[in-house]
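Biologist: I'm new to this one. Could you show me the structure and then let me ask how you know what you say about it?

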Amino acid sequence: MTDLLTVEGLSVRFAGLTALDAVSFRLSEGQVRAVIGPNGAGKTTLFNAISGYVRPSAGRVLLRGQDVAGDSPHAIAGHGIRRTFQNGGLFPALTVLENVLTGLTTETPGSFLDLLFGRRRALEAERAAIAKARALLELMSMGHMADARAGSLSGGQQRIVEIIRTVASEPPVLLLDEPAVGLSPVARAQMMEIIARLTGEKGVAVLLIEHAVELVMASADRILVMAAGKRIAEGTPDEIRADRAVLEAYLGHA
Ligand SMILES: Nc1ncnc2c1ncn2[C@@H]1O[C@H](COP(=O)(O)OP(=O)(O)OP(=O)(O)O)[C@@H](O)[C@H]1O
């Protein structure tokens, strides 16, 4: 499998505090890697450093070999690393379909012919975007909600729509920040199904921060365990379950 994302020695310092301390890992196509660890472990800081929301003090973030560390969030999203937030902002007054459409970027016409036929092309592009957005909603079992206002959905449904919006642009790498928080068991199962489809059918590489242990164990191929900014363990769910350092980090005794 090809490595899509390689994180090497990534560090973030905030005024004397090392929130992220030389963390390294790899993520390949179609793989789910969970990042777990107690509060303050540095999980969010890791996401922020990868996606450009905080500037790393050291290290590299390679997307298909190209270092994007230190680029702006907009540039990094443009390179193909997209993320969701814990309280991701959908537009509540827009419909579900319209929200998903905001995640689809239309290409700007470039050539002379494009300028001549720009309007027709723009209409075609819009039609294609709507068809794609509807297909994605169907794929994720949300087709029946397409015309509902986003603000009228439950929290769990809104999170699913946010993920659909984020994946609409077909990013190779998706960073999901606690996608299951506050979800009912049924919605959690649906979320796991969605993650499995994205990786299995679309080859998306997923980095997942998640506290719900059963979701992590069932959906992750590999797990990175952090504590106090450092990587303390790395392995498959079975290896992590049996790891002493992990138990100690969680139970708080040596
Ligand atoms: N902008 C900031 N300025 C100063 N310190 C920060 C900043 N952001 C995070 N920190 C600190 O960095 C450390 C790691 O925080 P981070 O939010 O990454 O942990 P986390 O693993 O995501 O925790 P949680 O599970 O509670 O979300 C904490 O000690 C936190 O207080």
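Biologist: What makes strand 9 and strand 10 a pair?

Modeller: Two strands pair if DSSP finds at least two bridges between them. Strand 9 and strand 10 have 5, so they count as a pair. One example is methionine 226, whose bridge partner in strand 10 is arginine 231. In the hairpin of these two strands there are 2 residues between the strands, and alanine 228 takes a positive phi near 45°.

Biologist: How do you number things here?

Modeller: Residues count from 1 along each chain as its sequence is written. This is a predicted model, where local features need pLDDT of at least 70 and side-chain atom pairs count only at pLDDT 80 or more, while totals for chains, interfaces and linings use all residues. Helices (H or I, at least four residues) and strands (E, at least two) are DSSP runs, numbered from the N terminus.

Biologist: Which strands does strand 3 pair with in the parallel sense?

Modeller: Strand 3 (residues 32–36) runs parallel to strand 8 (residues 205–209), joined by 4 bridges. Valine 32 has valine 206 as its bridge partner in strand 8. Strand 3 also pairs in the parallel sense with strand 9 (residues 222–227), over 4 bridges. There, arginine 33 has arginine 222 as its bridge partner.

Biologist: Why do strand 6 and strand 10 stand at the edges of the sheet?

Modeller: The open sheet has 6 strands in the order 6-7-8-3-9-10, with mixed pairing. Strand 6 (81–83) and strand 10 (230–235) each have a single partner strand, so one side of each is left without a neighbour in the sheet. From one strand to the next, the twist averages 20°.

Biologist: Why are helix 6 and helix 7 called roughly parallel?

Modeller: Helix 6 (residues 155–167) and helix 7 pack at an angle of about 10°, with their axes 10 Å apart. Axes are lines fitted to C-alpha atoms, for helices over the stretch in contact, and angles run from 0 to 180 degrees between N-to-C directions. Angles under 35 degrees count as roughly parallel, over 145 as roughly antiparallel, 65 to 115 as roughly perpendicular and the rest as oblique. The two helices are therefore roughly parallel to each other.

Biologist: Which residues meet between helix 6 and helix 7?

Modeller: Gly156, Ile160, Ile163 and Val167 of helix 6 meet Ala187, Gln190, Met191, Ile194 and Leu198 of helix 7. Being in contact takes C-beta atoms, placed from the backbone, within 7 Å. This contact divides into 7 nonpolar, 2 polar and no charged residues. Ala, Val, Leu, Ile, Met, Phe, Trp, Tyr, Cys and Pro count as nonpolar, Asp, Glu, Lys and Arg as charged, and the others, Gly among them, as polar.

Biologist: How is the protein divided into domains?

Modeller: Domain 1 is 1–80 + 171–254 and domain 2 is 88–168, with bounds that come from an automatic or database domain assignment. Between them, 14 residues of domain 1 are in contact with 10 residues of domain 2. On the domain 1 side, helix 7 (185–202) and strand 7 (173–177) each give two or more residues, and helix 7 has the largest share, 6 residues.

Biologist: What makes Lys43 one of the residues around the ligand?

Modeller: A residue is near a molecule if its C-beta atom, placed from the backbone, lies within 6 Å of it. Lys43 is among those around the ligand, including Gly42 and Thr44. Helix 1 (43–51) gives the largest share of this shell, 3 residues.

Terms used:
Two residues are in contact if their C-beta atoms, placed from the backbone, lie within 7 Å.
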